[in-house]
Amino acid sequence: MTNDIPGEPAGDARDTADAEAGDTRDTRDTRGARDTPDEPVHDARDTADAPAPGIRDTSGEPEPACEAEARSAREATARAVRETTARTVPGAAAAAPREAAGGPVRDERARTVPDAVTCAGLVYAFGGTRAVDGLDLTVRPGEVFGLLGPNGAGKTTAIRCITTLLPVPAGMVRVFGHDPAGDRMAVRRLLGYVPQQLSADAALTGRENVTLFARVFDVRRRERAARVAQALAAVGLAEAADRLAKTYSGGMVRRLELAQALVSAPRLLILDEPTIGLDPIARTGVWEHIDAVRAATGMTVLVTTHYMDEADQYCDRVALLHRGRVRALGTPAELRQGLGERRRARGGPAAGAPPTLEDVFRDVAGSGLDDTTGDFRDVRSTRRTAHRVG
């Protein structure tokens, strides 16, 4: 499904694009041949619900009129997207009654549903280099969780371990209680994954791309056409569904990949830098659709990003990784508040602009360049993706 890039070296586990393509082919061999209408398909209605995160105002000052107008416009757009999603996404209709029921229902489900993701002492090394070094992490059902960190911090490697693209020993990773080491296919049926590298085929139409993923993820044949149409409508691509993907803009390509991940109604949506290379308007559009689908279905979202404003606005909690370990964990507001307290304890100024999430990032990762992690291939892959969607 991924577009092979001529001249790209193969056979290196550190090459995300090659590993992604190879593992996808393995998935198709294992699952694509099974086209049994009686096979149960997971419904996102089983996922614990949680309210959609709102837009946080951290300035502490009265909002200027121009910013208030812009915020009102964004909220109106988001409402329209959510209304469309509620009519199109599988499981959305059942999610609304749970939302209306309030906290007691969510609290009861929280006691019965296992954590969406659990990493316990996760270690993964490429040769003598530990990309992930004792990662301890828990993602709760229904939340939007941001995995942040500098290049080479281990984010993508951790994602690939969770998505079964890299093998890990038993007991290090669990996805809704399933261990990828012993039940890889059960984990894959719970996932929707948008990798950092492009996964859409430029020579296929949008509908054909999503249909291909529906077959790979074993969506029942009698439901396939409807589910594909629903996924495309949920991301605002219904009218462009029969155009070739190579005619799409960068934002449309990323939304197409989101539809590919949503067609199987996953309980856990994993996004590896989903807005890389996009302009601010396209970035906002992608996030509005992500947020609307999550609000309508209650699915859990695990995302990596280098855009701190995205993490601050859309993530319920974030973890900052550095050198393969979690160095800070909490809500964006908690991390900003913690940095402010540390500054005051060190004798910093009591007044002035409050810390931002980018300030927290710099405090955790340091201001210098890290020359020990990442490589030329990582940079080349990221730039190619940005160029192809930009």
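Buried means under 20% relative accessible area, exposed means over 50%, and partly exposed falls in between (1.4 Å probe, protein chains only). This is a predicted model, where local features need pLDDT of at least 70, side-chain atom pairs count only at pLDDT 80 or more, and totals for chains, interfaces and linings use all residues. Residues are numbered from 1 along each chain as its sequence is written, and side-chain values use heavy atoms, with hydrogens and water left out.

View 1. Helices (H or I, at least four residues) and strands (E, at least two) are DSSP runs, numbered from the N terminus. Of the 390 residues, 51% count as buried. Take contacts (heavy atoms within 4.5 Å) between residues at least 6 apart in sequence: 73% of them join residues at least 24 apart.

**View 2. Six strands make an open sheet in the order 5-6-7-3-8-9.** Two strands pair if DSSP finds at least two bridges between them, and here the pairing is mixed. Strand 5 (191-194) and strand 9 (325-330) sit at the edges with a single partner strand each, so one side of each has no neighbour in the sheet. From one strand to the next, the twist averages 15 degrees.

**View 3. Strand 3 (residues 144-148) is mostly covered, with five of its five residues buried.** On one side you'll find Val144, Gly146 and Leu148, and on the other Phe145 and Leu147. Strand 3 runs parallel to strand 7 (residues 300-304), with four bridges between them; Val144 has Val301 as its bridge partner there, while Gly146 stands opposite Val303. Another four bridges join strand 3 to strand 8 (residues 317-322), also in parallel, and Phe145 stands opposite Arg317 in strand 8.

**View 4. The largest nonpolar core has 54 residues.** Such a core is a set of buried Ala, Val, Leu, Ile, Met, Phe, Trp, Tyr and Cys residues joined through side-chain atoms within 4.5 Å. Those with the most contacts inside this one include Val210, Leu232 and Leu269. Helix 9 (residues 250-262) gives the largest share of this core, seven residues. Leaving aside neighbours within four places in sequence, Leu269 contacts residues including Leu258, Met299 and Val301. A second, separate core of 35 residues includes Val113 and Tyr193.

**View 5. A salt bridge joins Arg283 and Glu310, with the closest N and O atoms 2.9 Å apart.** A salt bridge here is a side-chain nitrogen of Lys or Arg within 4 Å of a carboxyl oxygen of Asp or Glu. Arg283 lies in helix 10 (residues 280-297) and Glu310 in helix 11 (residues 308-314), so the pair ties together parts 27 residues apart in sequence. Arg283 is buried at 13% relative accessible area, and Glu310 is buried at 3%.

**View 6. Asp363 and Arg342 meet in a salt bridge (3.1 Å, N to O).** Asp363 is in helix 13 (residues 357-365) and Arg342 in helix 12, 21 residues apart. Asp363 is partly exposed, with a relative accessible area of 35%, and Arg342 is partly exposed at 35%.

Note on methods. Axes fitted to C-alpha atoms, helices over the stretch in contact; angles between N-to-C directions.
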